[in-house]
Each structure stands twice: as C-alpha cells, then as structure tokens.
Amino acid sequence: MDVRRRAYKVPRPTAAVIHQEQQQQSQASGSAAPKASDALPLPLYLTNAIFFTLFFSVAYYLLLRWRDKIRNSMPLHVVTLPELAAIVSLIASFIYLLGFFGIDFVQSFIARASNDAWDLEDDDVDVDPPEHRLLTCPPSAPDHLIPAVTSAEDEEIVEWVIKGTIPSHALEEKVGDCKRAACIRREALQRITGRSLQGLPVDGFNYDSILKQCCEMPVGYVQIPVGIAGPLLLDGFEYSVPMATTEGCLVASTNRGCKAIYVSGGATSTILRDGMTRAPVVRFPSAVRACHLKFFLENPSNFQALADEFNQSSNFARLQSIQCSVAGKNLYMRFSCCTGDAMGMNMVSKGVENVLRYLKSDYPDMDIIGISGNFCSDKKPAAINWIEGRGKSVVCEAIIKEEIVKKVLKTNVATLVELNMLKNLAGSAVAGALGGFNAHASNIVSAIFIATGQDPAQNVESSHCITMMEAVNDGKDLHVSVTMPSIEVGTVGGGTQLASQSACLNLLGVKGASKGLPGANSRLLATIVAGSVLAGELSLMAAIADGQLVKSHMKYNRSSKDVSKVPHMNDLASNGLE
C-alpha cells in the first residue's frame, strides 16, 4: 500500500469498470436506469434486423433502377413514386444505423484522442492523485469496518495516506510511533479496499522490534499456535521441541515418534559440515579469461590471500572453500564460509563483495553480473545443495526395539523396512525427486522454523532428506536414520530476536550466540531439527504401514467437536501426517 506523491496519470476506466459503476448507481437509486431502446415498439434485435434488411434492399433496388435508366438513356433526376419511397427509406435506415453504431465509435475516438493528449503532458508535473480506485470485484456484502484509529489527528493522517500526500511506508518516520503507524496504515487499508481486518490482531505486539529488521509496512500479525513434541532424547539430552503449525495431528504424530525414540534409548546425531554459501556470477570477454580466473581461485597457493580479504567482513566469517563452474564466458564462484551462530546469508554476501573488489584490480575486464548467480543455491531445490551441502549437514540415527515398534508404533520391523524402500526410496526415484527421499520432513522443518524465527522460505533446501530403515539384531530391531545435507538455521539475527521466537529458542537452550564456542548453538539447533524429523518420519511411516493415516485424518484433523471433549494427547499419538 505504498502510495507516493509523484507525477500522476489519470487512469482510463475500462468498459467493464464503467458498466460496473452504472450497475452500482442503478442499484443505489432503487430502479434500473431507462434505456433508449425502451422507446422502440419492437425488441431491439428485431428492429435492427428490419433496418439492416431495409437498407440493403432499397440500395439494391435503386442500383438496378439506375442501371436500367443509364441503358435506356433516361435522365437520372426523374424519379417515380416507388423510387422516391426507396430513397426516403434508404436515408431513414442509414440515419438509424449511423445513430446506433456510429455514435459509440465517434465517442471512443474522441476519448482516445483526449487520453493521448493527457499522455503527452510533461511527466514532471506534480499532480495530486485522486483517491484510490480499485478495479476489483466488490464484496458480495459490504464489510462492517471497525475503525483502527480514534483521534482526530490520526483521522487526518489516514486521509493524507489515502490521498497519497503521505507515503504509507513513511508513517513510522512521520508519526514517530510504530504501533500508531500500524493502526493508521491499517485504517487506510480498510477504507481503500472496503474490506475489514477485524480478525487480524494489531494489539499485543512490539512493532518497534521489527522496524528495519523483519517486516515493512505492518498492519497486524498472524497468530499461529505452538505445540510441544517431546521430550526428544538426543545425544543424551532431553529437548521439548516447539512446533508452530495449523496442521492437525502433526505435533501429536511427532510426539509419538519422540516417545518411540525415548524408550528405545534415544537418538544420536553428527554434524558433517557447517558452511553457508554465496555464488556470484561474473562475465569475461572470452571463455579463456573465465577459465583463467577459475584456475586462479582454485589454486591452493592463492587461498590465503582470498581468505584475508573475505574474513574482513565479520569477526565470525571464515572462508572455507571456493568452488567454480564455467558456462561459456560466465564464471560462477561458490564461496563457502562458517558464520558462527548466525544463519549467515548477509555475512557471506559481504565477504564475497570484498573478494570481488580485490579480484577487480587484477581482472579489470571482469564484469560483475550479480552477487548471486543461483549456484549457491538459496530457497530453491538444487542438486548442488543435495550433494555438497549448505548450512549444516546433519545425520541422525536411532535403533528402535522390536517391542517398541509393536506397542508404540503399532506395526512391525519388516513392514516398515519394506514400506520405506518402496515409498521413500523407489517411489521418490520414480517421481524424479530431488532431495525428497522421505515421508514428510518439510512438515517438521517448517513448524520448527516458524516457531524459532528461521526463514520459512529456506525450508525448500533445509527439508532435503533421505530416510533409511534397516532391520538389525537378527531382524528384530529397526535402525532408522535421516541424512539432511542443508539445514539452514541460526540463533541470532532476523526473526530469532522477536519475543515469541526467542522464547522458543530459550526452551531449547539455544537462545542467542554461544558464549563458549562460536556456532555451537546454531549447530545444536540443526541437530534438534534432524532429531525431530527422525521422530516424525517414524510415526508417519508407522501410520501408513498400519493403514491408519486416512482414518486418523478423518477422525481428528477434520473434527468439529468441542476442544474440551477431544481425546488425550496419547490417544492422538497413533496419528501420522503427510
């Protein structure tokens, strides 16, 4: 809703808009507007047909008569009574048809010429734009708008926002109060759209905490319930895992998996790799020059000089490697670095800029196309993340005892192993999956990401996961593991500093930066994500193997019962959610 004061061109209303306004005006007056066709004794289509036929018939008759007169050398100005009647009919029908079809054409031509004249005016003329005009279908019933402002001063500012005198994005700076700015913007939005925001809360939130950090032009906030799964016994420690979701049964299902892991002795995890990436793209006059820089960057003797330039960007950023790929004259350079407890996208980007400036002195013909060339690859599925990893690469495993598989998961080891092979491995391969060799890793990753203030869009690559199941101990017990090569999380920066998300991080014991070992908190959070995914995979696979998935959804996920009568959590835990 960014309305700025600028050179304004009057919008041209379309025929649909004009027709819509006419209909609204007619409805407002309580009766339909009279039409010219109402004065005709016959229906309009029948009248048009008569005049069309009359025009062409008399024109044909007159042409035939004039041809005969020319052949017989008779004067053309001498007319008989039938010929006079035909001439009058021709003129009358022509006038009718001109009035019916010609006026709209002339008016549209004049309007087009008028609009073109507007377009030729100087664009620098500062004209106050009219109030917003929505070219959208009106609601079937007008919303009851609840005012978001109360003072006369705020009412005046709302009018200025609607007229464009004050840009919406500048309200915080103009009024000096983030909460007040949000209320004014909210009221202006309601009046412009004609739609109520009654269900979107505005009170009870610290808008100062998101200014120039998390969200621009706020008008409220969305409430998402947070459930707790666990305890998750991971590497000898217990964690209560917060999950923000609106998907019924997800928390209960993950909780059942946590129970199966807990009573089986817990899960263990290992960090395989920790490094955020950024890959700029540069272009040279020739492919030879691009290859020359590739060889320079991959030469071990040059790494330290590049690392010195890169590491100046932060106290925590430390360059780890540079991987290059050539495409014609273009060179893609994938920088990887550790970023402490931050997720690290900004940190690595600043380091990359330092290196590019350093390289520019030795390669003046290098044209920097973009700081990101998608070789990173961020917020999109990519094989390089699946193979090389991005962020934290984690593997988590557990051995579930036979009796636990039967009592808690309600199935057996052999069935789970077969289902995992045919669904998660073979089925995903048939589908051509990229990093999707799992049952529903993204469900758990998304829920934890939202609860802990991570970037939800990075769920795309963070949910890359392969789930493995194997019968061990003479086929009695189940070995299950998840390998996730690109979990992108942080415990400082971004949404992690908001009160609710900070509380969830504090629940896990990973709030803020690690005071001892830099990066320890973010790595621990990554292992908790992987452990929770392990629990979710176990429970869903068991539900599918036992044939309870659809039944559970129909019974609980679509329930309309009173919340106070919903069965206990342990009863819901037999659920699985995909």
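**Strands, helices and salt bridges in the predicted model**

The secondary structure of the protein chain comprises 19 helices and 11 strands, as found in a model that is predicted. Among the 578 residues of the protein chain, 40% count as buried. When contacts in the protein chain with a separation of 6 or more are considered, 73% of them are made by residues 24 or more positions apart.

Two hairpins may be described in turn. In one of them, strand S1, which covers residues 226-234, pairs with strand S2, which covers residues 237-244, and the seven bridges between these strands are of the antiparallel sense. Within this pairing, Leu232 has Tyr239 of S2 as its bridge partner. Two residues stand between the strands of the hairpin of S1 and S2, where Asp235 adopts a positive phi near 55°.

The packing of two helices is described by the angle between their axes and the distance between the axes. For helix H7 (residues 250-263) and helix H17 (residues 520-545), the axes come within 7 Å and cross at roughly 105°. Because angles of 65 to 115 degrees count as roughly perpendicular, H7 is described as roughly perpendicular to H17. On the side of H7, the residues in contact are Ser253, Thr254, Arg256, Gly257, Cys258 and Ile261, and the residues of H17 that they meet include Gly531, Leu534, Leu538 and Ala542. Sorted by class, the contact of H7 with H17 contains eight nonpolar, seven polar and one charged residues.

Charged side chains also pair with one another, and the count of salt bridges comes to 19. In one of these, the side chains of Arg180 and Glu153 meet with an N to O distance of 3.4 Å. Since Arg180 belongs to helix H6 (residues 178-193) and Glu153 to helix H4 (residues 152-163), this pair ties together parts that are 27 residues apart in sequence. Arg180 has a relative accessibility of 21% and therefore counts as partly exposed.

A further salt bridge is formed by Asp274 and Lys392, whose closest N and O atoms are 3.4 Å apart. This pair links distant parts of the chain, with Asp274 in strand S3 (residues 268-278) and Lys392 in strand S8 (residues 391-400), 118 residues apart. Asp274 and Lys392 are both buried.

Arg289 and Asp365 likewise form a salt bridge, and their closest N and O atoms are 2.8 Å apart. Arg289 lies in helix H8 (residues 287-298), whereas Asp365 lies in the loop between helix H10 (345-362) and strand S7 (367-370), so that the pair ties together parts 76 residues apart in sequence. Arg289 is partly exposed, at 26% relative accessibility, and Asp365 is also partly exposed, with a relative accessible area of 27%.

Terms used. Residues numbered from 1 in each chain as written. Predicted model: local features only at pLDDT ≥ 70, side-chain atom pairs only at ≥ 80, totals over all residues. Heavy atoms only, no water. Pairing = 2+ DSSP bridges. Helix = DSSP H or I, 4+ residues; strand = E, 2+ residues; numbered from the N terminus. Axes fitted to C-alpha atoms, helices over the stretch in contact; angles between N-to-C directions. Parallel < 35°, antiparallel > 145°, perpendicular 65-115°, else oblique. Contact = heavy atoms within 4.5 Å. Nonpolar A, V, L, I, M, F, W, Y, C, P; charged D, E, K, R; others polar. Salt bridge = Lys/Arg side-chain N within 4 Å of Asp/Glu carboxyl O. Buried < 20%, exposed > 50% of the residue type's maximum accessible area, 1.4 Å probe, protein only.
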